[in-house]
Amino acid sequence: MNDHTSCLRCGRVLRNTKSIAAGYGPTCATKVRNAKADLTDYKPAQINSARELIEDGAIIPLRNSVFTTVSSDGTETYLSHTHTCNCPAGLAGRRCYHTAAARMLLAA
């Protein structure tokens with residue numbers, strides 16, 4: 001369970017326990033869920049993993065479109081942007097679901 005007291009998208013104070021657990025208020029959660037990001041170069045499994053990353057509140061904005069993302073097993077954190085990430089896949093020059101999640105958040 002996350003412990004964010006402000007929305008990860010807009011920064012507003014969260015008061016509802018469900019919103020605090022998710023890291024997003026209801027309006028921002030809807031905007032993120034309905035975001036129309038260009039994900040044509042990602043596989044369906046990567047898109048699903050990106051959505052899960054967002055729903056788990058495991059991608060946190062830092063600055064200038066850079067995010068801290070958590071690995072799928074929760075043991076590592078990476079710096080991610082819409083086109084690059086320092087996870088093993090990103091360092092190997094492959095698309096990763098971290099960058100897909102960044103694209104989704106920035107499109108919201």
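Contact here means heavy atoms within 4.5 Å, and helices (H or I, at least four residues) and strands (E, at least two) are DSSP runs numbered from the N terminus. You're looking at a predicted model, where local features need pLDDT of at least 70, side-chain atom pairs count only at pLDDT 80 or more, and totals for chains, interfaces and linings use all residues. Numbering starts from 1 along each chain as its sequence is written, and side-chain values use heavy atoms, with hydrogens and water left out.

**Stop 1: helix H5**

Select 97–107, which is H5. Nine of its 11 residues are buried (under 20% relative accessible area, with exposed over 50% and partly exposed in between; 1.4 Å probe, protein chains only). Colour Tyr-97 and His-98 through to Leu-105: the buried set also takes in Thr-99, Ala-100, Ala-101, Ala-102, Arg-103 and Met-104. Now show what covers them, including H2, H3 and the strands S1 (59–63), S2 (66–70) and S3 (77–80).

**Stop 2: the nonpolar cores**

A nonpolar core is a set of buried Ala, Val, Leu, Ile, Met, Phe, Trp, Tyr and Cys residues joined through side-chain atoms within 4.5 Å. The largest one has 22 residues, and Tyr-24, Ile-54, Ile-59 and Leu-105 have the most contacts inside it. H5 gives the most to this core, with six residues. Click on Tyr-24 next: leaving out residues up to four places away in sequence, its contacts include Cys-7, Leu-8, Arg-9, Val-32 and Leu-105. Apart from this core lies another, of five residues, with Tyr-78, Cys-85, Cys-87 and Cys-96 among them.

**Stop 3: the pockets**

On a 1 Å grid over the protein atoms alone, a pocket is an open set of points where a 1.4 Å probe fits, with protein on both sides within 12 Å along at least five of seven lines; lining residues have an atom within 4 Å of a point. Volume is the space filled by probe spheres set on the points, which are joined across faces, edges and corners.

The largest pocket comes to about 360 Å³. Of its 15 lining residues, pick Ala-22, Tyr-24, Ala-29, Arg-33 and Glu-55, the closest to its centre. H2 gives the most to this lining, with five residues.

Then move to the second largest pocket, at about 160 Å³. Its lining includes Ser-49, Glu-52, Leu-53, Asp-73 and Tyr-97, and H3 gives the most, with three residues.
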